[in-house]
Structure formats: structure tokens, C-alpha cells
Amino acid sequence: MKLDATLRCLGADRVIWIDDHFNETPPLLAHMLVANLELTEACAFPEFARAFAEDTDDADPAGAIQAVLETLEQVRRDEMTEIFLRRQQEAEGVPTRELPTGIFERACALLGVHEDDRWSFQGYQAKLRTAHADGDGGIAYIVDLKDTDAVPGAGKRGLDVLRNLAGLKSKATAFILTHEATIAEEAQRETEYQADLRDLGVLSGVPICVVSKQRLADGDIENEEMEEVLRVAVKRAGLRKSVHEVLVRAEEEVKASFRGAAEALLRVTPEKLDDHVVERGYQEGVSELHVIERALTARMSQQIRTMFGHDPQVRLSIDRLRNLRAVPLRHISDAPDPDLTAFRKAEIWEGEELINAAFAPIACGDVFEIDTSEASTKTVSKRRFILIGQPCDLMLRPGKSRMPQTGILIPLKVKPSRDAPAARDGEADEGAVKSYPLPFTLDDEALVCDLREAAPVQLSILDLASFRADGFVRFERGQKAVTGLLPGQGEVFAAWASKANRIMPPEGEPATTFDEAARRNTQLTFAASAVFKHVAHGTYEPGTTTKANRVTTTTLDRLTWRLRRCGRVRMPYAGAILDRYVGSISRHAFDLDYMLDKRAAPTVVPHAPLAAAAEAGGGA
């Protein structure tokens with residue numbers, strides 16, 4: 001794709017460049033040099049030797065310097081500009097050299113920047129207003145970050161230009177050109193400059209696209225390399241602009257869809273609210289506001305999906321993204337983007353700060369980890385388990401008992417690396433059936449559900465995690481019910497308050513009275529494999545008081561299973577794990593094939609449609 005076609009994809013038919021390099025006239029160049037007299041004197045321009053020698057407090061250095069500049073040819077003034085800017089770059093310690101006049105001229109020619117559209121920072125505000133009044137949706141502004149009229153290290157004048165564009169509600173595209181960033185640092189600088197403009201609002205300004213001067217300085221201005229550099233810059237701006245436009249439109253849609261949903265919910269009569277919202281939530285063991293949450297999210301999600309499918313402005317942004325695919329971008333880093341990672345995690349994972357703090361009942365997909373705060377598990381390596389079960393069976397309905405009263409607890413293990421030893425004959429197929437790699441990562445780890453180690457688990461014990469904001473599966477002596485528990489949870493808590501007093505030794509007696517019968521009453525898992533050895537049974541831990549780093553910590557007498565709920569895998573991902581487990585235990589098994597010749601190669605029976613297609617085509 002040619003550069004002019006790339007600009008058309010961006011929607012730009014005019015490019016305006018604002019840069020102190022265009023201080024070409026004697027008055028403008030003199031203004032820039034006088035603003036930094038010490039730097040100008042350090043440049044040792046022979047033409048100014050007399051002006052500096054005669055400098056006094058009453059003298060007019062600007063007038064003297066301008067008078068000298070007016071006697072010089074434009075070529076010499078351009079040379080002096082380059083020398084001054086290079087000296088300023090050295091003074092500020094920036095990583096990229098200042099661009100020479102030849103590169104500016106070549107870039108302006110490729111971008112079609114007319115002479116009248118090459119602005120200095122002097123008087124740019126009035127010009128912006130004029131351009132905006134004529135309609136600036138098709139304008140792309142290239143703006144130098146720094147204005148050399150200011151002293152070294154002063155503010156970023158280029159960001160002031162963006163502020164002015166935001167104040168005008170401009171639809172233009174803006175590039176920030178800077179030698180303060182290398183190519184690898186462009187994205188980082190975009191984030192920083194966006195933070196500098198945070199007071200404008202996230203979507204109130206124009207999207208920022210940073211172009212490092214290194215892109216232009218390192219290229220060959222006489223061949224297609226510079227055109228490719230500019231195409232890449234335009235594509236990066238196109239990506240920013242498209243996403244920005246869609247988000248602006250989505251913000252409007254979210255507000256409108258919320259208002260529509262709110263108005264609809266407020267039209268529901270109190271009688272219908274009581275019958276279909278409050279009472280149904282109570283009976284099914286969910287929050288009384290569960291239906292309200294579903295109604296809001298369903299309406300807003302539906303409206304946003306409709307917007308993405310039909311809105312004309314969104315369709316234009318999609319077309320731009322599609323057309324710009326022809327311009328490849330070189331990946332600077334293979335590290336995953338933290339914000340995209342967070343968005344993906346929000347689709348998959350409910351954090352403990354939500355489910356534990358809200359005292360949410362246990363559910364299919366809850367993940368538990370070894371509680372290393374207990375003395376017996378302080379040195380145990382990190383280990384996690386996931387609870388699965390038919391979602392309706394796991395729910396706590398008031399006045400009713402769960403049927404069944406057990407779920408399945410599956411160990412989660414880190415997925416073996418590619419460098420791990422290969423499985424022996426026959427083990428690979430069995431392992432594929434009895435292990436399920438999760439289709440996502442948690443804490444940057446690829447995990448596998450080890451279905452071979454899955455064990456039935458008592459749900460009433462795991463319920464203990466839902467009574468505590470810290471998610472520990474434990475019950476402390478004298479523990480009181482927190483406010484906010486659902487009715488079904490309250491009934492389970494009351495049962496535990498009575499049961500715990502019978503199991504725990506009387507206060508003050510040694511733990512040795514926690515006998516075998518007590519262990520049977522606290523059995524969590526019905527499996528004896530090593531993976532569950534720390535959590536299979538509850539244990540009694542007496543309270544302690546410790547002091548470390550001037551901080552006193554007190555723990556109460558407690559029954560503990562050395563587990564803590566640390567989050568929840570959301571649906572449909574938790575449901576997929578349940579399906580895989582059910583499939584693994586319901587697979588057919590056949591009696592021993594005593595006629596199998598292990599020395600013969602296995603017979604492969606081709607899939608019928610594929611075999612027919614191969615035969616019709618004359619072979620594979």
C-alpha cells in the first residue's frame with residue numbers, strides 16, 4: 001500500500017506540520033535563539049561574535065541577532081537552526097539526534113505538506129481555529145513535542161497543541177514527533193502523554209500517536225525506506241484513531257442503554273418485583289438483586305452488540321482497520337500487554353476481592369489453594385484445586401438440603417513444558433483423556449486439571465470459606481455470623497456453630513482430645529492420595545499470639561482444613577471442565593484384547609467421508 005493510500009485510509013487529505021524547525025524567517029529564528037541565549041552563545045556562530053561582544057544590559061540582543069540573520073542566505077540560516085537544535089539535544093540528553101533539513105524536506109514531500117501548512121509554534125492557536133472552522137476531520141497534524149523558544153527541560157509545547165484541539169472538539173488526527181523516545185519507547189511515551197492530558201477526560205481529547213525521530217533519523221531519505229517509516233506511523237495512528245472513535249460511540253451507547261434499562265425496571269410494579277425478583281431469588285438461593293443485575297447487563301450488552309454490528313461510524317472504523325492490515329508492524333516486544341491480559345482475565349476469573357468480600361456461596365469453578373498461614377503448611381509448595389459440580393446441585397436453598405451433598409475437587413497442576421520427558425507407550429493417550437489443559441492462563445501459568453486425582457468432597461465444609469472475607473476454610477471458636485449471608489448460608493452457619501463446639505476440645509484443654517472420631521467428622525475429601533494429604537481432614541489448632549517487627553498477631557482456637565478460596569473460574573469455562581470430567585468417567589471400557597499383536601503396526605481405520613473423498617480423487 002502506497003503512502004497516499006495509507007493516508008486516505010486514515011481519512012487525511014491534508015497534513016499540517018507544527019515544528020520549531022520552521023522558524024525560517026529572521027524574526028522567528030531570532031526569537032528562538034534569543035530565548036536560549038546561553039545555548040546560542042555556546043554554538044559559537046561567528047556571525048554573532050560582534051553582537052555578543054557588544055552585549056550590555058541596555059542592548060537589544062534580539063534586534064542585533066535578527067539584523068545579522070537578515071543578511072544571511074536561507075541555506076546558512078537552516079545550517080544554524082540545525083546546529084542550535086543539535087546543541088539543545090545534547091544539553092537535554094535525549095536519545096535521538098535532531099533531524100537535518102534534508103529529512104524534513106523529504107518527509108514533507110512524501111506527505112504532501114504544502115509550504116503554507118509548515119507552521120512554527122508562533123501564532124499556531126489562531127491557525128488551528130481557522131482550520132477547525134473549515135472542518136478539520138480530514139487533517140493530520142504532525143506536532144513537535146518541544147518548542148525551543150522555551151529553555152532546555154521546559155514544558156511540552158506539543159501537548160498544548162493537543163489541548164487546543166481538544167478544546168475545539170477537533171476530529172483531526174495528531175502525531176507527536178519527539179527525539180525524547182526511541183522506537184521501542186513510543187508506546188510508553190503515548191501512555192505518559194495521555195496521563196499528562198488526563199484532566200481532559202479519557203475520550204475528550206484526540207488520540208495520541210508518538211513518532212520517534214529515530215524512525216526518520218535512521219532511514220535513507222533517498223529510497224523507499226522513509227516512505228515505509230511514514231506508512232508505519234500512519235497505521236499506528238489509524239489503529240489509535242479507530243479504537244478511539246469506537247470507544248467514544250460506545251460511551252454514548254452505554255449511557256443510553258443504561259437509561260433505557262433503568263426506565264424499564266422502574267416501570268415494573270412492586271407486586272411483580274416481589275414475585276419475580278425478590279421471592280424467586282430467595283427461593284433459588286441467590287441475591288434478591290440477582291435479576292436486576294442480569295437485566296442491566298443483558299440490556300447493555302445487547303445494545304453494544306447492536307452498535308458494533310450496525311452503527312455507521314463503527315463500520316467506518318472497522319473498514320479502516322481492515323484496510324490498514326496491508327501495512328505490517330514490527331513487534332517491539334513479545335511480552336503480553338498488561339491491559340489486554342487484564343481484560344482477558346476479567347472474562348475468565350472472579351477474584352477473591354469480589355467473591356470472598358461479598359460472602360458469595362460456593363459454586364462450580366471455585367478455586368482453593370493451600371493455606372500457608374498455618375504452621376503445618378508454611379513450607380508446602382503452592383497447590384490449587386478447583387471445585388466442580390452441577391451448578392443447581394451446589395446451590396443453597398433455604399429450608400432444603402443439598403442433594404447430593406458432595407462435589408468434585410480436582411487438583412490443578414502446572415502444564416509440563418515441551419522439554420519434559422516424553423510419556424511411555426500408551427500413557428500419552430490415557431493422559432490426554434484424564435487431564436484437561438485449561439484454555440487460559442492464571443497468574444501467567446498454563447494449568448492442567450488432573451482428572452485422575454479428582455476426589456469427592458464434602459460441600460458443607462467448603463461452605464466455611466463463604467462465611468469469611470478472607471476465604472479461609474476454617475471455623476474459629478466463638479465465630480459469629482457476618483451480616484449479608486443468604487438465608488441458605490445462614491442455616492449452614494448455624495449448623496456449624498453447634499457442630500464445631502462438639503468437635504473442638506473444651507476451651508483450655510490440650511489438643512490431644514481431638515480424637516479419631518473428630519477426624520471422621522471433619523473429613524473433607526474421600527481420597528487418600530498424596531495430593532490431598534494436607535487437606536483431607538480438618539484439624540484443631542489452638543490460638544496463638546506472636547510478635548514480629550513490632551506487630552502483634554493473635555489467632556483464635558479453630559478447626560482448619562488448611563485451604564483458602566482464592567477465586568472462581570467463570571462460566572462457560574467452569575462448565576467446560578465439568579463436561580470434560582463427566583466425559584472422562586463415562587467413557588466406554590472394553591475387556592482385554594488378548595489377540596492384539598503388540599509387534600504389528602496399529603491398524604488405522606480412516607474416517608468414512610475422508611476415505612471416500614481420497615478414493616474419488618485418486619489417492620491422498
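Two strands are taken to pair if DSSP finds at least two bridges between them. In this predicted model, strand β1 (residues 14-18) is joined to β3 by five bridges, and the two strands run parallel. Within this pairing, I16 has Y141 of β3 as its bridge partner. On β3 there is also a parallel link to strand β4 (residues 173-178), again made of five bridges. There, A140 stands opposite T173 of β4.

These strands belong to an open sheet of five, with parallel pairing and the order β2-β1-β3-β4-β5. The edges are held by β2 (118-119) and β5 (208-212), each of which has a single partner strand, so one side of each lacks a neighbour in the sheet. The parallel pairing of β1 with β2 rests on two bridges, and the bridge partner of W17 in β2 is R118.

## The covering of strand β3

Strand β3 spans residues 139-144 and is mostly covered, with six of its six residues buried.

## Aromatic pairs

Across the whole structure, a search finds nine aromatic pairs. One of them joins W17 and F104, whose ring centres are 5.2 Å apart and whose planes meet at 45°, so the pair is tilted. Because W17 lies in strand β1 and F104 in helix α7 (residues 101-111), this pair ties together parts that are 87 residues apart in sequence. W17 is buried, with a relative accessible area of 2%, and F104 is buried as well, at 1%.

A further aromatic pair, F440 with Y573, is edge-to-face, with 5.6 Å from centre to centre and 80° between the planes. F440 is part of strand β10 (residues 435-442) and Y573 is part of helix α23 (residues 573-585), so the pair connects parts that are 133 residues apart in sequence. F440 has a relative accessibility of 7% and therefore counts as buried, the limit being under 20%.

## A ring cluster and charges over rings

Ring pairs link F467, F475, F493, W496 and W561 into a cluster. One member of this cluster, W496, also has a charged residue over its face: K499 lies there at 4.8 Å from the ring centre. In another contact between a charge and a ring, the charged end of R474 sits over F472, 4.2 Å from the centre of the ring.

Rolling a probe the size of a water molecule over the atoms shows where empty space is left. The count comes to five cavities of 30 Å³ or more. The largest cavity holds about 130 Å³ of space. It is lined by 14 residues, and the closest to its centre are L111, I142, F175, L230 and A233.

At least two lining residues come from each of β1, α7, β3, β4 and α12 (225-267). Helix α12 gives the most, with three residues.

How values were computed: Residues are numbered from 1 along each chain as its sequence is written. This is a predicted model: local features need pLDDT of at least 70, side-chain atom pairs count only at pLDDT 80 or more; totals for chains, interfaces and linings use all residues. Side-chain values use heavy atoms; hydrogens and water are left out. Buried means under 20% relative accessible area, exposed over 50%, partly exposed in between (1.4 Å probe, protein chains only). Helices (H or I, at least four residues) and strands (E, at least two) are DSSP runs, numbered from the N terminus. Rings of Phe, Tyr and Trp (its six-membered ring) pair if their centres lie within 6.5 Å; planes under 30 degrees apart count as stacked, over 60 as edge-to-face and the rest as tilted. A charge sits over a ring if NZ of Lys or CZ of Arg is within 6 Å of the ring centre and within 35 degrees of the ring normal. On a 1 Å grid over the protein atoms alone, a cavity is a set of points where a 1.4 Å probe fits but cannot get out, and a pocket is an open set with protein on both sides within 12 Å along at least five of seven lines; lining residues have an atom within 4 Å of a point. Grid points are joined across faces, edges and corners, and a volume is the space filled by probe spheres set on the points.
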